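Hi there,

Please have a look at it, and then read on for my notes.

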Amino acid sequence: MKRIMLKLSGEALAGEKKTGFDEETVRGVALQVKELVDSGIQVGIVIGGGNFWRGRSSENIDRTKADQIGMLATIMNCIYVSEIFRSVGMQTNILTPFECGSFTKLFSKDRANKYFNRGNVVFFAGGTGHPYFSTDTGVVLRAVEVDAEVILLAKAVDGVYDDDPRKNPNAVKYDEVTIDEVIAKNLQVVDMTASILARDNKMPMWVFGLNEENSIVNTVKGKFNGTKVTV
């Protein structure tokens, strides 16, 4: 593969603390991504904001404002994680769909391609820049825009199941499932808007557990233990 898009959940980066950051976890991710970059693979990254905030975190706040807080949470995550990446020897850039002063650069496909071609890891922060759209939609949108070959979804759960395995011990894991099945059965790999966007643009997604040892590198190299969502 030449170019991939990696989606990291904010909660996964928090480790056992469930909030904020676990630096050992983030450094482990950084070392895996460095191995991919050193092998010539271009890596884009989207990070959720759930380790700080979700739109449903408060019932007393207007949805638009709540989603704006979530967008800022993703920017904080990207700034932190990009600095850990730099500490292990990578060059990084953070792109957002709105101006953030000197913290980030404004997203454009041309700018993203320029950074990719320099061998930089590109972080896409701030979601789509609009409320009512999740980082799920943001990662599919950016993957389509920058011509990524696949989206890697690194989650707390190690694949796609027919039910929540954390609640149902008898839930069955899929080795492979089509995006049409995901939509029809509401399997919640990503939200429905993102699922339809992936289907319409033929963007495959590979779902795996971030906490498994060397899971990102293994997934890219074919030692895959998750679920492939095909188109």
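This is a predicted model: local features need pLDDT of at least 70, side-chain atom pairs count only at pLDDT 80 or more; totals for chains, interfaces and linings use all residues.

Let me start with Lys 7, which sits in strand S1, spanning residues 3-8. Its relative accessibility is 10%, so Lys 7 counts as buried, the cut-off being under 20%. The side chain of Lys 7 makes a polar contact of 3.4 Å with the side chain of Thr 135. Leaving aside residues up to four places away in sequence, Lys 7 also touches others, including Val 46, Gly 48, Asp 136 and Leu 152.

Thr 135 brings us to helix H5, which covers residues 135-145. The axes of H5 and helix H7 (residues 192-200) come within 8 Å and cross at roughly 15 degrees. Angles under 35 degrees count as roughly parallel, so H5 is roughly parallel to H7. Their crossing is left-handed. On the H5 side the contact is made by Asp 136, Thr 137, Val 140 and Leu 141, and on the H7 side by Thr 193, Ala 194, Leu 197 and Ala 198. By class, these residues are five nonpolar, two polar and one charged.

The other pair is helix H2 (residues 23-38) with helix H3 (residues 63-87), whose axes lie 9 Å apart at an angle of about 60 degrees. That angle makes H2 oblique to H3, and the crossing is right-handed. Among the residues that meet here are Val 26, Ala 30 and Val 33 from H2, and Tyr 80, Ile 84 and Phe 85 from H3. This contact has eight nonpolar residues, two charged and no polar ones.

Enjoy exploring!

Best wishes

Notes. Residues are numbered from 1 along each chain as its sequence is written. Side-chain values use heavy atoms; hydrogens and water are left out. Helices (H or I, at least four residues) and strands (E, at least two) are DSSP runs, numbered from the N terminus. Buried means under 20% relative accessible area, exposed over 50%, partly exposed in between (1.4 Å probe, protein chains only). A polar contact is a pair of N or O atoms within 3.5 Å; within protein, one must be able to donate a hydrogen and the other to accept it, and residues adjacent in sequence count only if both atoms are side-chain atoms. Contact means heavy atoms within 4.5 Å. Axes are lines fitted to C-alpha atoms, for helices over the stretch in contact, and angles run from 0 to 180 degrees between N-to-C directions. Angles under 35 degrees count as roughly parallel, over 145 as roughly antiparallel, 65 to 115 as roughly perpendicular and the rest as oblique. A crossing is left-handed if the near helix is turned anticlockwise from the far one by less than a right angle, and right-handed if clockwise. Ala, Val, Leu, Ile, Met, Phe, Trp, Tyr, Cys and Pro count as nonpolar, Asp, Glu, Lys and Arg as charged, and the others, Gly among them, as polar.
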